[in-house]
Amino acid sequence: MLPHEERFFDLFGQHADAIVVGAEELRAMLEGGEAVVRHYPRVLDAEDRADAITREVVQAVRRTFVTPFDRGDIQDLIGSMDDTLDQMKKTAKAISLFGMTEFSPDMRRMGDAILRCARLLREAVPQLSDINRNVGSINALCESIRQTEGEADDIHDAGVTTLFRETPDGQAMRFIAVREVFDLLERVVDRFDDAANQVEGIVIEHV
């Protein structure tokens, strides 16, 4: 039997839940110390779960005759959602490979921004099941993601400036490693902005 189109929204919701879990675990890593080792594998687990859901969505698109909106939009949306967790995984891996166990307040604020974006996206995506009724709410949530992305850019720039000023001479490798993690955290927030753009694009096509 062909799957019902409502299944897509259930899968979107499951994926959004996995994104929030990944963001929570990445944020927990930024507390430093033993939290890095404890929460690192949980970020990877969340990413694995999201990958499995993404594959299920792609398979459902292929075998479903009637979809809630354009097949390309479905694949682009789940792809952009999946990119957020892929970037979280890259960030967590870099933290682990560099052996980092201490993080600045600005890095933790970046983690807060990531978690805020994840929760906003989780709130927005299920509302696509009734776009006409939820258009105002969806657009407001996407705008909040965009605002958070802008704030995260400012935090990133301030954090890198402070890092440059406070890194002692002779510790160039430390500067490079910490700068890399700063940049990776910023890219996570950028991927949420991309996902919000996908959501808004779907809204524009259907309202």
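Residues are numbered from 1 along each chain as its sequence is written. Because the model is predicted, local features need pLDDT of at least 70 and side-chain atom pairs count only at pLDDT 80 or more, while totals for chains, interfaces and linings use all residues, and side-chain values use heavy atoms, with hydrogens and water left out.

**The nonpolar core**

A nonpolar core is a set of buried Ala, Val, Leu, Ile, Met, Phe, Trp, Tyr and Cys residues joined through side-chain atoms within 4.5 Å; here buried means under 20% relative accessible area, exposed means over 50%, and partly exposed lies in between (1.4 Å probe, protein chains only). The largest such core has 68 residues, and those with the most contacts inside it are Phe-12, Met-88, Leu-128 and Phe-192. At least two residues of this core come from each of α1 (6–29), α2 (34–63), α3 (71–97), α4 (105–124), α5 (131–166) and α6 (172–206), and α6 gives the most, with 13 residues. Helices (H or I, at least four residues) are DSSP runs, numbered from the N terminus. If residues up to four places away in sequence are not counted, Met-88 touches Ile-19, Gly-22, Ala-23, Leu-26, Val-43, Ile-114, Val-188 and Phe-192, where contact means heavy atoms within 4.5 Å.

**A pair of helices**

Two packed helices are described by the angle between their axes and the distance between the axes. Axes are lines fitted to C-alpha atoms, for helices over the stretch in contact, and angles run from 0 to 180 degrees between N-to-C directions. α4 and α5 pack at an angle of about 170 degrees, with their axes 9 Å apart, and they are therefore roughly antiparallel to each other (a word used for angles over 145 degrees). Among the residues that meet are Met-110, Ala-113 and Leu-121 in α4 and Ile-138, Leu-141 and Ile-155 in α5.

Leaving out residues up to four places away in sequence, Glu-186 touches Met-110, Asp-153 and His-156.

Ala-177 also lies in helix α6 and counts as buried at 12% relative accessibility; beyond its neighbours within four places in sequence, Ala-177 is in contact with Phe-98 and Met-100. Asp-73 has its place in helix α3 and counts as buried at 11% relative accessibility. The C-alpha atoms of Asp-73 and Gly-201 are separated by 8.5 Å, although these residues are 128 residues apart along the chain, and Asp-73 is in contact with Ile-202, Glu-205 and His-206, leaving aside its neighbours within four places in sequence.

**Salt bridges**

The structure holds 16 salt bridges, including those in the table.

| Glu-31 | Arg-27 | 2.7 Å |

Arg-27 is buried, with a relative accessible area of 15%, whereas Arg-133 is exposed, at 66%. Being three residues apart in helix α6, Asp-194 and Arg-191 are separated by about one helical turn. Glu-143, Arg-146, Asp-193 and Glu-200 are linked in a network of salt bridges.

Technical notes. Parallel < 35°, antiparallel > 145°, perpendicular 65-115°, else oblique. Salt bridge = Lys/Arg side-chain N within 4 Å of Asp/Glu carboxyl O.
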